[in-house]
Amino acid sequence: MKQLIIAFFLLTAGAVRAQQPADMKMKAFIDALMKKMTLEEKIGQLNLPGSGDVVTGQASNSDIGKKIKEGKVGGLFNIKSVAKIKAVQKVAVEETRLKIPLIFGMDVIHGYETVFPIPLGLSCSWDMQLIEQTARIAAIEASADGICWTFSPMTDLCRDPRWGRIAEGSGEDPYLGAQIGAAMVRGYQGKNLAANNTILSCVKHFALYGASEAGRDYNTTDMSRYRMYNEYFPPYKGAIDAGAGSVMASFNEIDGVPATANRWLMTNVLRNQWGFKGFVVTDYTGIGEMTSHGIGDTPAVSRAAINAGIDMDMVSEAFLTTLMQSVKQGKVTVAQIDAACRRILEAKYKLGLFDDPYRYCDENRAKTEVFTPAHRKTARETAAQSFVLLKNNPLPGGVGVGILPLKKSGTIALIGPLADNKENMPGTWAVAARFNEAITVLQGMKEVAGSNVKILHARGSNLDADSLFEERAGMFGKSLRRDSRPADVMIKEAVDIANQSDVVVVAAGESAEMSGESSSITGIEIPQVQKDLIHALLKTGKPVVLVLFTGRPLAIKWESENVPAILNVWFGGSEAGYAIADVLFGAVNPSGKLTTTWPQNIGQVPLFYNHKNTGRPLTGEWFQKFKTNYLDVTNDPVYPFGYGLSYTSFSYGDVKLSSTSLKGNQVLKASVTVTNTGAYTGKEVVQLYIRDLVGSVTRPVKELKAFEKIELKAGESRTITFNITPADLKFYNYDLKYDWEAGEFEIMIGTNSRDLKKGKVNWVK
Ligand code: BGC
């Protein structure tokens, strides 16, 4: 044993030693390079313009090409194809004085050409390995096509479904958000950034972007430090602790100072407290926009940004055009510019670009590693894991079993504006998607159902009655190709085919561009014209299944009460149509669980499970005067955080605790036995929540602390044990000290954040 320990020690010590020369080698290389650089060239490295006007074969003469030759560009983003990237890289390494390679970024957010579910959907899989794998595949494809840097993960915690960008994040929970952010970073960056199939990740948007007032995009945020540290910061920190190489500043202000100029945030928190060593890029025109925020003209806001700790300027060209002058005036130091330049060069070095600037430009890989059958297969499987079964009532007279899964026989009416539309399948951030090859619900159902099923199809309705709204919600070309017929004519056609069918499937909800950037909304119900369609279909008396497309939690109280089966499918990516059919026909048993709370109406927002108690909480019946509640609706959501059904059912035994009184660093074992009481093999996400009953500051009514996704055969039982330590009880107190406090804790385990079995422990220091 002793020998083993010594061997281990020598090995780890060796690893530490081996790392140091590598760092020293990098430092020596960059020192030598920076000695040769003029101040202009250093400032050039801080400049990140968009892809510009690059045409293959013309790169050198393009406007961007000219700028590159002048040493005024550090990288480019959202430029697609090996040919183009190679062409501009050639300009950088052959036609500039110091031959410094460019870094190429892109919004590879939920896949590259193979598109996975939107991040909010992906988060509902609660499957960290799967999430990591999707990021891995995205990195393989992007790097095969010239990209070495992705603007992902987006770790903005959000509790406001009005905000369109809720679609790009992982929901409302700090703990889950941190796990997912870390999994994505691992997937993108792998173990060796210099490998030709790993890419640099960028944690965004730092910070608090998801808390914009009224859910209006780019809007002000204002919150206490206590809330920042305990609730909104953990997902960023989780991704940064996993080794993310870059961070993107957010558009919003914090404490009256835009994040892009916020030194407390970018230097005190990010670098000094969290030890972040990578580089920080602004968001698109983030520096220039600070003039509209009202904190100065271009030179002033550029200075504010570099002083705050920003390294790279995306699109504004404010650094490029003003920093030199600011140095001359003594308002910015050369040392500050050196520090920013060094961090960017370090990233390029770590990516291996100085060894081989064409490392990510392998035509052969581009042909063989992108949109492969294996990647598409994973996309199909992943999409099915992201779907959340919200409701599944039995057929009239049916026993126990719900309408879903559907039988592969008889006639099915497939109706709805999203039933047969390729462009809307991939979802909001799919820059590189092959829209023409996306699989629609109609196509997927036809192929999966086989020849024993007759599928009738009608559109049934447009997305919205208002054609101008529909135009706004499809601006980037993901049109639903509006049908010019009157609504009643379309509904009649749909009702006719419903009447000829055994079951009706309605593909309805939001279009892909109703969520995402600059797609905030004040009404979160399904558009009325589609509700009218659903009404009419329900009236036929046929069993109706709603296949719900959305990029945000919707207010579907009426649907939850009236439609017998609801499968929420988000935007599932390239293979969504197949995945939807796999779930509808039972090849896959749904297991997704919501990562946001679904409110009854927009007035309840923000509604989230890990809220605080008030001094007058509502206990017992609604309504009570002088208690925390509303006159018109209860405080309850329609669907709580963590909720999602399966084709099978699970029962939970009581929570068993290894002890009810603990001391110091002891480990509490909390167990529960879960039994599959239904007829199908199924997956279940077993969730552990803790409540700290008394604190020096008020504590949430419950907080997710652990979870485990298990698979059980029909009739099978398994005991799941969570090991809880004081580390799980820690929080930032009033002085922002991260520690735990002795006292009583409620330990809760269950199938969602509402339906929980409980135990209690006392834990002293
Ligand atoms: C978005 C970022 C994105 C950037 C580059 C911005 O408008 O806020 O999330 O990475 O554009 O495309």
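This is a predicted model: local features need pLDDT of at least 70, side-chain atom pairs count only at pLDDT 80 or more; totals for chains, interfaces and linings use all residues.
**Entry 1: confidence**

The mean pLDDT of the protein is 95, and 96% of the residues reach 70 or more.

**Entry 2: helices α6 and α16**

I looked up how α6 (residues 128-144) sits against α16 (residues 373-386). Their axes come within 11 Å and cross at roughly 145°. The crossing is left-handed. From α6, I listed Leu130, Gln133, Thr134, Ile137, Ile140 and Glu141 as the residues in contact. From α16, the partners are His375, Thr378, Thr382 and Gln385. Sorted by class, this contact has 3 nonpolar, 6 polar and 1 charged residues.

**Entry 3: helices α19 and α20**

On the α19 side, the contact involves Ala487, Ile491, Ala494, Val495 and Ala498. On the α20 side, I found Val529, Asp532, Leu533, Ala536 and Leu537. What classes of residue make up the contact of α19 with α20? I count 9 nonpolar, no polar and 1 charged residues there.

**Entry 4: the largest pocket**

I went on to open space. The largest pocket holds about 1100 Å³. Its lining is made of 35 residues, and those nearest the centre are Tyr609, His611, Asn635, Asp636 and Val701. Which elements give two or more residues to this lining? They are β26 (743-750) and β27 (756-764). By class, the lining of the largest pocket has 15 nonpolar, 12 polar and 8 charged residues.

I searched the whole structure for cavities of 30 Å³ or more and found 7. The largest cavity has about 70 Å³ of space. It is lined by 13 residues, and Met154, Thr155, Ser170, Gly177 and Pro235 are the closest to its centre. I asked which helix gives the largest share of this lining. Helix α7 (residues 174-189) does, with 4 residues. The lining of the largest cavity divides into 6 nonpolar, 5 polar and 2 charged residues.

**Entry 5: cis peptide bonds**

I checked the backbone for cis peptide bonds. One joins serine 152 and proline 153, with omega at about 10°. Proline 153 is in the loop between β4 (149-150) and α7. Another joins phenylalanine 206 and alanine 207, with omega at about 5°. I placed alanine 207 in the loop between β5 (202-206) and α8 (225-232).

**Entry 6: a positive phi**

I also looked for positive phi in residues other than glycine. Alanine 214 has a phi near 65°. I find alanine 214 in the loop between β5 and α8, and alanine 207 also lies in the loop between these elements.

Key:
Residues are numbered from 1 along each chain as its sequence is written. Side-chain values use heavy atoms; hydrogens and water are left out. On a 1 Å grid over the protein atoms alone, a cavity is a set of points where a 1.4 Å probe fits but cannot get out, and a pocket is an open set with protein on both sides within 12 Å along at least five of seven lines; lining residues have an atom within 4 Å of a point. Grid points are joined across faces, edges and corners, and a volume is the space filled by probe spheres set on the points. Ala, Val, Leu, Ile, Met, Phe, Trp, Tyr, Cys and Pro count as nonpolar, Asp, Glu, Lys and Arg as charged, and the others, Gly among them, as polar. Axes are lines fitted to C-alpha atoms, for helices over the stretch in contact, and angles run from 0 to 180 degrees between N-to-C directions. A crossing is left-handed if the near helix is turned anticlockwise from the far one by less than a right angle, and right-handed if clockwise. Contact means heavy atoms within 4.5 Å. pLDDT is the predictor's confidence in each residue, from 0 to 100.
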